[in-house]
Amino acid sequence: MEHGSYQDQSQATFSLTDEDHTLANSLRFTLNQDPRVTFCGYSIPHPSDARVNIRVQTTGDPASEVLKDSCQDLMLICQHVRSTFDQAVVDFKNKNSLDAMNIGP
Amino acid sequence: MEEEKTPKISVWDLPDVPKGKLPAHLELQRTRVICTPDAATNTENIRYSGAYASMGVDNSLRLGHFRDNFRVEVVRLTEDDMEFDMIGIDASLANAFRRILLAELPTMAIEKVLIANNTSVIQDEVLAHRLGLIPLKVDPRMFEYMSENDVPNEKNTIVFKLHSRCERGSSRIKVLSNELQWLPRGSELTVSTEKPAVDPTSRPRTYTSFNCSQDSLPEFSNNPIGPKHDDIIIAKLGPGQEIELEAHAVKGMGKTHAKWSPVATSWYRMLPEVVLLQEIEGEIAEELVKKCPVKVFDIEDIGKGRKRATVARPRSCTLCRECIRADGKEKEKEQRIYWDKYVALRRVKDHFIFTIESTGALPPEMLFTEAVKILEDKCERVITELS
């Protein structure tokens, strides 16, 4: 749900349901990294409701576009993390099985 | 007379100003948490993209830069737990993975307990609570969630039976978790109805409606479903006491109840960095090495009988701050040393040492992969909501 104005698309507050610090803090991090963003932050209006308000103010681009781009960036980061992690686990297992074979007679 | 005009040189062209990089003290502030004797300072991440714009340094996230610098190093990997290092990632992402591991990865756990007979001293609800906390060795991805209106069937329920009695005249027995028997065909307790069955040869209705036996599925035919550990004490029975019950396990998330959390726990810490600010030699070096309870420092001989302190194992530092606490009343005032002039304790802001201890449903490396996938799914949900 986007709360903004039709005249000025560059600033808006996005209210996401069923979310908490897990996604909001990561999104805030990727949003901050975008050079088009002048201000971004998130707040949780009440801890009993699973609702997060993310505020985005940009240098002219529509805020929803910038948020979408940040989500894409976050997804790319996650995919890279996953592939690097899988590779590291495979390398570790190979190294260990090699060591086990070398120690044997 | 005209003064000679000195040519104007931009400050960036001066020989000792590093171009495009931050000076050392700013780089320290950007990448290290400084731990003083009282508290940790400089903990916030300066992640605003234009933070160092006036210095000509671009602090923004460049995916290529992230991809080049991000590394994962596995330190220990066993069947149940793992420890690995993530270098080049931010605290918000590390925390997101930890939160997902604890609360949003689904598992199977016993939820409904149908008690036919319980004459033990353990109350019904306490027994049901204990059964719910037993970790089950089954891959939750093979099952679906069950909602209120769903009928329990072989795709969303696992049924266990527990029937144990202690005979009169024998001593007390312990009911262990290996007495939980898996019933692949579903529930055996019949639902009692008021009207007599119309057709006496039809099967009586039970509490679950399994269409086929779970045994016949390829995943379960060779590895039967059961608790991860066989020696968990569920209850203790005295002579003449009996427990007869049926337990149904369903899929759930740690958010709803902690029994559905797939990790015993999972935590991370930042890599500690211990730096000696001055050369420490002689007796002071010995004192420093003795101070540290986890033996971070070590003595090195530099010839002619002189000793010097070095940092041998910074990774095992627990940040107890013994090495920077100033000497107190145990020494005379003139002899007290203010150790924080000699040693600096810092933490590297983007190097995380992650530990994951699994309860047994899934191996820890698979748990982390699933957690990252769940964060991706959340992002995708936001994107679809926006468009």
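Q: Is Glu376(B) buried or exposed?
A: Keep in mind that this is a predicted model. The cut-off for buried is under 20% relative accessible area. Glu376(B) comes out at 8%, so the label is buried.

Q: Which residue of chain A meets Glu376(B) in a salt bridge?
A: Glu376(B) sits in helix α7 (residues 364–386) of chain B, and its partner lies in helix α2 (residues 63–103) of chain A, so the pair joins two chains. The N to O distance is 3.1 Å, and the partner is Arg82(A).

Q: How many residues apart in sequence are the parts that Arg346(B) and Glu273(B) tie together?
A: These two form a salt bridge, with the closest N and O atoms 3.6 Å apart. Arg346(B) lies in strand β14 (residues 343–358) of chain B and Glu273(B) in strand β11 (residues 263–276) of chain B, so the parts they tie together are apart in sequence by 73 residues.

Q: Which strands stand at the edges of the open sheet in chain B?
A: Four strands line up as β5-β10-β6-β8 (chain B), with antiparallel pairing.

Q: What angle does the direction of helix α4 of chain B make with that of β5(B)?
A: β5(B) pairs with strand β10 (residues 242–252) of chain B over ten bridges in the antiparallel sense. Helix α4 (residues 124–132) of chain B packs on the sheet and touches both β5 and β10 of chain B. Its direction and that of β5(B) make an angle of about 150°.

Conventions: Residues numbered from 1 in each chain as written. Chains lettered and ligands numbered in written order. Predicted model: local features only at pLDDT ≥ 70, side-chain atom pairs only at ≥ 80, totals over all residues. Heavy atoms only, no water. Pairing = 2+ DSSP bridges. Contact = heavy atoms within 4.5 Å. Axes fitted to C-alpha atoms, helices over the stretch in contact; angles between N-to-C directions. Salt bridge = Lys/Arg side-chain N within 4 Å of Asp/Glu carboxyl O. Buried < 20%, exposed > 50% of the residue type's maximum accessible area, 1.4 Å probe, protein only.
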